[in-house]
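This report is written for a reader who is meeting the structure for the first time. Please keep the sequence and the 3D view at hand while reading.

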Amino acid sequence: MHDGSHRLVAVVDDDDAVRDSLRFLLEIAGYSVASYGSAAQFLHEAPIGELVCLVVDQHMPDQTGLQLVARLRAQGVSLPVALITGSPSADLVRLARELSVAKVMEKPLDDDVLLDFIEHARD
Amino acid sequence: MQQPDATASSDLAVSDSALLRSILETVPDAMIVIDEHGTVRFFSSAAERLFGYTAGEVGGKNVNLLMPSPYREQHDGYLDRYRRTGERRIIGIGRVVVGRRKDGSTFPMELSVGEAHQTHQPLFTGFVRDLTERQQTERRLHELQDGLLHVSRVHSMGEMAAALAHELNQPLTATSNYVRAALRLLAAPEPDLAQVRQAMTHAVEQTLRSGEIIRRLRAFVARGELAREYESIAKLIEEASGLALVGAKERGVKVMITIDPDLAEAPVDRVQVQQVLLNLIRNAMEAMDGGATRELTVAASKRGDHVLVSVADTGSGVPPEIAAKLFQPFVTTKAEGMGIGLSVSRTIIEAHGGRLWMEPNTTGGSVFHFTLPTD
């Protein structure tokens, strides 16, 4: 079981419905959720030090999910990341691995896999 | 260069001038000069190469020899009408038409016709570009067939489908998240039904959003209501074939176009039906890639109160497991394909009150047939 300081999950997706539905699912599973509509908003507003992990969409208009992760890694942030995408190509998976992305998940998402990732993100 | 018609040439400056002739021989486009009766008076070396006839074989003959039916039968009528009315349908305008080689195969060509009155009788000079041989052809054809640009190309179909797949995946993901959340809620000993209800309400909203995206796609493909007008089906097929057969020669595909001269007009949305033809012909050409026999036949005939159009290939045919669901969206045998072309094609034909179906070709490969009502 988590203590209160280790239950905040960040969700970054430009699609309102995907973002809201993820919030709903994760809250039901007992997590607090901080959601953001863009990479820029996340970088500007998120309490990065308090997060358990980041669930981020790859396909976003301004910065992609991997661009956001690259930025975080460049800042020395080792936050566990799950990348969600509609088309997980081999190239994408390779790049994700290079950026120490723990999980690349195809949309629609398997909730068991996602929640298992979050549950063990801080192990 | 053989002299086409020695007796007729005496009053023609064109054939009298060795210098002029030598210049004409260097023009890369095929050049054919006819008189007002359609008789060939000059046939350049480029024309010999293009059509497979020697100048001697066509000189003095009716130029309609170089045309497939039904144009062959109609050409004298066109000349006659021009003599009577002076109305220009092609002179000084140029258009894409279908030519016929000596071996009977047909090909799309761009024809520009000029008129000269240098003696007492008019002469018509045709410059012919073989569109199957040209690098720039695809672009040129698209300029000519501007109306087809929108959604016609297989390429843009693929792009459209990729965009559609991405856009549809968002509400599907959201729906799935809500339903899975609801299932988790229901797994509790005393489920919070208010939360379940909330999840299901959101899930329904997202499925409706998926439906809206599909409706938008349909509107995009169909461009709203059909814009039907009575069109010559022969002309429609000729134009679409001209566009679709680009590259046929490079692919080693022999093309036959046989159109019933009695073919009626039909009330159709020209651009959409051409889109269907383009799709079927492109599919047929791709199906024959790498095959030993590559023969593509486009045929159209009148059948009672409708027109039957067929596109036949001699490819490897459609595997039975694919054939059963051939017209469902996202079913494809192509590595790059999205499997949307046939599904959209059938939607278009059925919107016209016709049918689109596939049969195995008796000589191997497949035949796609569609009907269009003529009333």
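The sections below describe a predicted model, going from chain B as a whole to selected details in both chains.

## Chain B in outline

Chain B has twelve helices and twelve strands. Of its 375 residues, 48% count as buried. The accessible surface of chain B comes to about 18,000 Å², and 53% of that surface belongs to carbon and sulfur atoms.

## A nonpolar patch on the surface

Five residues of chain B, namely Val179(B), Leu183(B), Leu186(B), Leu193(B) and Met200(B), form a nonpolar patch on the surface. Together they have about 440 Å² of accessible area. Helix 7 (154-186) and helix 8 (193-222) of chain B are the elements that give two or more residues to this patch. Helix 7 of chain B supplies the largest share, three residues.

Leu186(B) is one of the patch residues, and its place is in helix 7 of chain B. Is Leu186(B) buried or partly exposed? With a relative accessibility of 44%, Leu186(B) counts as partly exposed, because that class covers values between the 20% limit for buried and the 50% limit for exposed.

## Salt bridges

Over all chains, the count comes to 19 salt bridges. One of them joins the side chains of Asp29(B) and Arg129(B), at 3.0 Å from N to O. Asp29(B) lies in the loop between helix 2 (18-26) and strand 1 (30-35) of chain B, while Arg129(B) lies in strand 5 (residues 123-130) of chain B, so the pair ties together parts that are 100 residues apart in sequence. Asp29(B) is buried, at 12% relative accessibility, whereas Arg129(B) is partly exposed, at 34%.

Two other salt bridges lie within helices. Glu239(B) pairs with Lys235(B), their closest N and O atoms being 3.9 Å apart. These two residues are four apart in helix 9 (residues 233-244) of chain B, which means that about one helical turn separates them. Glu239(B) is buried, with a relative accessible area of 15%, and Lys235(B) is partly exposed, at 40%. Glu350(B) and Arg346(B) also form a salt bridge, at 3.9 Å from N to O; both lie in helix 12 (residues 341-351) of chain B, again four residues apart, or about one turn. Both of these residues count as partly exposed, Glu350(B) at 48% relative accessibility and Arg346(B) at 26%. An α-helix has 3.6 residues a turn, so residues three or four places apart point the same way.

A network of salt bridges links residues of the two chains: Asp110(A), Asp111(A), Asp112(A), Arg180(B) and Arg184(B).

Asp313(B) lies in the loop between strand 10 (306-312) and helix 11 (320-323) of chain B.

Asp313(B) is buried, because its relative accessible area is 3% and the cut-off for buried is under 20%. Beyond its neighbours within four places in sequence, Asp313(B) is in contact with several residues, including Ala284(B), Met288(B), Glu295(B), Asn361(B) and Ser366(B).

## Helix 3 of chain A

Helix 3 of chain A spans residues 65-74, and its buried residues are Gly65(A), Leu66(A), Leu68(A), Val69(A), Leu72(A) and Arg73(A). Seen down the helix axis, the buried residues fall within an arc of 155 degrees, so they line one face of the helix. Among the elements of chain A that cover them are strand 1 (8-12), helix 2 (39-45), strand 3 (51-57), strand 4 (81-85) and helix 4 (90-98).

Just after helix 3 of chain A, Gly76(A) takes a positive phi of about 80 degrees.

## Backbone details in chain A

Most residues other than glycine have a negative phi, and most peptide bonds are trans. Ser100(A), in the loop between helix 4 and strand 5 of chain A, has a positive phi near 55 degrees.

A cis peptide bond joins Lys107(A) and Pro108(A), with omega about -10 degrees. Pro108(A) lies in the loop between strand 5 (103-106) and helix 5 (111-119) of chain A.

Terms used: Residues numbered from 1 in each chain as written. Chains lettered and ligands numbered in written order. Predicted model: local features only at pLDDT ≥ 70, side-chain atom pairs only at ≥ 80, totals over all residues. Heavy atoms only, no water. Patch = residues over 30% accessible without salt bridge, like charges linked within 9 Å, V, L, I, M, F, W, Y side chains within 5 Å. Areas by Shrake-Rupley, 256 points an atom, 1.4 Å probe, with all protein chains shown as cover. Salt bridge = Lys/Arg side-chain N within 4 Å of Asp/Glu carboxyl O. Buried < 20%, exposed > 50% of the residue type's maximum accessible area, 1.4 Å probe, protein only. Contact = heavy atoms within 4.5 Å. Arc of directions from axis to C-beta.
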